[in-house]
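Please read them with the coordinates open beside you.

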Amino acid sequence: MKITLNNKSLNDIRKEFPDCFYDQSWYEKESFANEKITGTWDVSLEPVKDSFNKTWDEQQKLLKDGDKVPPVTVLMYAMCKHFKETGDRAFENVYIRTSSRASGGYLVNVGYFDAGGADVSGLEPRYSYGTLGVSFSRSESCTLNPEPLSSGEAFSLDRALTIVKDAGYEVTP
């Protein structure tokens with residue numbers, strides 16, 4: 001599904017499509033939920049073949065050239081848009097990892113999208129489960145606008161690299 005975001009965060013999408021989100025608030029103040037993203041992507045709403053029961057590193061090896069795991073904001077927007085247009089819920093019985101990371105270093109997952117909405121959760125990259133796969137996207141253009149820094153907070157190189165990596169881009173020294 002082709003989508004375009006214009007300076008939107010996961011929290012913005014949740015306000016736009018409240019019926020697409022399970023009622024939970026743990027991530028509202030997380031950086032990944034507040035990063036503003038602008039860009040155009042072609043997002044797959046199907047799991048990558050054989051991506052279940054694999055760790056994050058193993059799942060990355062299944063991606064084809066040019067394919068990236070989308071950040072949670074991109075995947076959830078595609079899921080919500082698809083649902084509003086077709087009435088079909090993507091990832092009803094599985095979780096899909098995204099490239100976004102929660103503050104504890106966990107990868108953010110979405111899935112089990114039922115009448116109550118999609119669940120947003122997190123899990124360490126080293127874990128593998130039979131119901132935890134990965135999807136992919138191809139970015140035509142992308143701009144990340146991280147949430148504003150708190151008073152006295154420094155924007156470190158590590159934070160910048162994390163944002164770029166979480167968007168699915170490779171960083172080489």
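1. In what order do the elements of the protein chain run from the N terminus on? They run β-α-α-β-α-α-β-β-β-β-β-α, and the chain has 5 helices and 7 strands in total. Helices (H or I, at least four residues) and strands (E, at least two) are DSSP runs numbered from the N terminus.

2. Before going further, please keep in mind that this is a predicted model, in which local features need pLDDT of at least 70 and side-chain atom pairs count only at pLDDT 80 or more, while totals for chains, interfaces and linings use all residues. Residues are numbered from 1 along each chain as its sequence is written, and side-chain values use heavy atoms, with hydrogens and water left out.

3. Taking the chain as a whole, buried residues account for 43% of its 173 residues, where buried means under 20% relative accessible area, exposed over 50% and partly exposed in between (1.4 Å probe, protein chains only). The accessible surface comes to about 9000 Å², and 47% of that belongs to carbon and sulfur atoms; the areas come from the Shrake-Rupley method with a 1.4 Å probe, and for residues only the protein chains shown count as cover. Among contacts (heavy atoms within 4.5 Å) between residues at least 6 apart in sequence, 71% join residues at least 24 apart.

4. The largest nonpolar core holds 33 residues, of which F21, M76 and M79 touch the most other members. Such a core is a set of buried Ala, Val, Leu, Ile, Met, Phe, Trp, Tyr and Cys residues joined through side-chain atoms within 4.5 Å. Two or more residues each are given by β1 (2–8), α1 (10–16), α2 (31–34), β2 (36–43), α4 (72–86), β4 (107–114) and β5 (117–123), and the largest share, 9 residues, comes from α4. A second, separate core of 7 residues includes V48, W56, L63 and V69. In soluble globular proteins, nonpolar side chains tend to be buried together.

5. Which residues does F21 touch, leaving aside those up to four places away in sequence? They are L10, I13, R14, Y27, M76, C80, G116, G117, A118 and V120.

6. R14, one of the residues that F21 touches, counts as buried because its relative accessibility is 15%, and R14, D23 and E28 are linked in a network of salt bridges. A salt bridge is a side-chain nitrogen of Lys or Arg within 4 Å of a carboxyl oxygen of Asp or Glu. The N to O distance is 4.0 Å for R14 and D23 and 3.6 Å for E28 and R14. E28 lies in the loop between α1 and α2 and R14 in helix α1, so this pair ties together parts that are 14 residues apart in sequence. D23 is exposed at 69%, whereas E28 is partly exposed at 39%.

7. The whole structure contains 6 salt bridges, among them the one between E16 and K8, whose closest N and O atoms are 2.5 Å apart. E16 is partly exposed, with 37% relative accessibility, and K8 is partly exposed as well, with a relative accessible area of 23%.

8. Residues up to four places away in sequence aside, S44 touches L75, F91, S135 and F136.
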